[in-house]
Amino acid sequence: MKRKIVAVILSITLAIMIFSPATSMAKSFKFNLDASKYRIEVDLTNQIMTVYEDNEIVRQALCSSGMSGFSTPTGSFKMLGMKERFGYFVNFRVYAQYWTQVVGGIYFHSPTFTRQINSKSYMQSSAYRNLGEKASHGCIRLPVDDAMWIYYNCPAGTIVKITGKSYNGALRSKLKNKMRSFANYSWTKDTTPAVNYGTGTAIVTAELRTGVSGQEKTIGTLSKGSSVKILQMNSTWLKVKTGSGKIAYVRAASIKVNSKYTTRQGYRLQAQGQTRIYENDDINSDVIATMDARDWGTHVNTYGSFYKIRFEGKEGYVLSGKVKKFSAQVPRSATTSKIEYIGRVNTEGLRVRMLPSTNSDIMGLLDINDQVSIIKQNYVPGWHQINYGGNVAFVAAEYINITNDD
């Protein structure tokens, strides 16, 4: 009798484990800024999205591309910079999570939701069940965790190839079998703070449109002086929410950005290798200049994965992962910095500079045999970061002998 009772209990427990929805785990993420790390392939024939690192598959899932009348464009694209954590489709009056722009108005994103609430209760079940079929209005729908992964790991410049391939029923079935039923579906709870793009003020009367093109439908106007909340941004277009709650797209030139997301002007940017400067925040745009390793430019603004930069009289855009950012030329306190090494100066009149560059402001001079407290050896190639009178400073590494003596 006892054995029968135990068997019944085990059977009930197993049934609960199999048929109960999975518990979603909580996780925090960091943005990858290296556009060359991954490449993405979207197979329209089989409705499969595959991510490669080198030639190894690191992620693969069924997707939904554009249905009849809303075809997804084919070709090889370098991803653009607009992203949104949980956004509203102006044309279709639904929401989706983890928007990552491929080209124009085409994004990777999650299945659609009826409300901006991160709960399966508001996900459209058909959007999930139709993964593996052409069902979108041109975008590429993915399971939430896959859209989330692309959002954090694939910055502007990541290569996306959208094409058709030979039918592969076996792979489609394999991926379909890995998917949970909608009743048991869950996804990772994202605890990462959402990017705050800040607010803006209209500097002229501006047209509000349904998408990122002057060909999109005009749905209203924004009066000069009106305030908006910025939801997505690049150098050409902003997605905004007006004071009345209307969500639309507006040309970026019409808005003065007052943003927590954009860092203050005046930062210095140093190229970490040969770095292209683009005409727009889009690596498909024209290259207007090239920085060599250790060249310096001035930071003007931040747009997603791009910095707007001023270099040799020109303004353009660089991928943020290609440069290193330094504070503007105002002394920074070094009182809390840990000393890594002690060194001694091996030349007369060594110039102490605010930044690791011979073009940077001179803070003072050191004499031969002066002791130096080194915060970071070779902070950038050829320059040590030091504590100079309680402030962070830099000296040329070739003129310092590391001694570690007190």
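## Exercises on a predicted model

Asp 54 is found in the loop between strand 3 and strand 4 (56–62). Helices (H or I, at least four residues) and strands (E, at least two) are DSSP runs, numbered from the N terminus. Residues are numbered from 1 along each chain as its sequence is written. This is a predicted model: local features need pLDDT of at least 70, side-chain atom pairs count only at pLDDT 80 or more, totals for chains, interfaces and linings use all residues, and side-chain values use heavy atoms, without hydrogens and water.

**Exercise 1.** Describe the backbone and the exposure of Asp 54.

*Solution.* Start with the backbone. Asp 54 is not a glycine, yet its phi is positive, about 55 degrees. Now check exposure. Buried means under 20% relative accessible area, exposed over 50%, and partly exposed in between (1.4 Å probe, protein chains only). Asp 54 has 65% relative accessibility, so it counts as exposed.

**Exercise 2.** Do the steps again for Tyr 98.

*Solution.* Find Tyr 98 in strand 7 (residues 94–103). Its phi is positive too, about 55 degrees, although Tyr 98 is not a glycine. At 2% relative accessibility, Tyr 98 counts as buried.

**Exercise 3.** Work out the surroundings of Glu 84.

*Solution.* Second, its relative accessible area is 6%, so Glu 84 is buried. Third, list its neighbours. Contact means heavy atoms within 4.5 Å. Leaving out residues up to four places away in sequence, Glu 84 touches Tyr 98, Trp 99, Tyr 151, Leu 231, Gln 232 and Lys 239. Fourth, look for polar contacts. Such a contact is a pair of N or O atoms within 3.5 Å; within protein, one must be able to donate a hydrogen and the other to accept it, and residues adjacent in sequence count only if both atoms are side-chain atoms. The side chains of Glu 84 and Gln 232 make one at 2.7 Å. The side chains of Glu 84 and Lys 239 make one at 2.9 Å.

**Exercise 4.** How many salt bridges are in the whole structure? Locate three pairs and a network.

*Solution.* Side chains of opposite charge can pair when their charged atoms come close. A salt bridge is a side-chain nitrogen of Lys or Arg within 4 Å of a carboxyl oxygen of Asp or Glu. The search finds 9.

- Lys 37 pairs with Glu 53, with closest N and O atoms 3.0 Å apart. Lys 37 lies in the loop between strand 1 (26–27) and strand 2 (39–43), Glu 53 in strand 3 (residues 48–53), and the two are 16 residues apart. Lys 37 is partly exposed at 31%, and Glu 53 is partly exposed at 27%.
- Asp 190 meets Arg 85 at 3.2 Å, N to O. The pair links strand 12 (residues 189–190) to strand 6, 105 residues apart. Asp 190 is buried at 11%, and Arg 85 is buried at 17%.
- Glu 133 pairs with Arg 172, with closest N and O atoms 3.2 Å apart. Glu 133 lies in the loop between helix 2 (125–129) and strand 10 (140–141), and Arg 172 in helix 4 (residues 169–178), so the pair ties together parts 39 residues apart in sequence. Glu 133 is partly exposed at 41%, while Arg 172 is buried at 17%.
- Lys 308, Arg 310 and Glu 315 are linked in a network of salt bridges.

**Exercise 5.** Summarise the chain.

*Solution.* Count the elements: 4 helices and 33 strands. Then take burial: 47% of the 406 residues are buried. Last, take the contacts between residues at least 6 apart in sequence: 63% join residues at least 24 apart.
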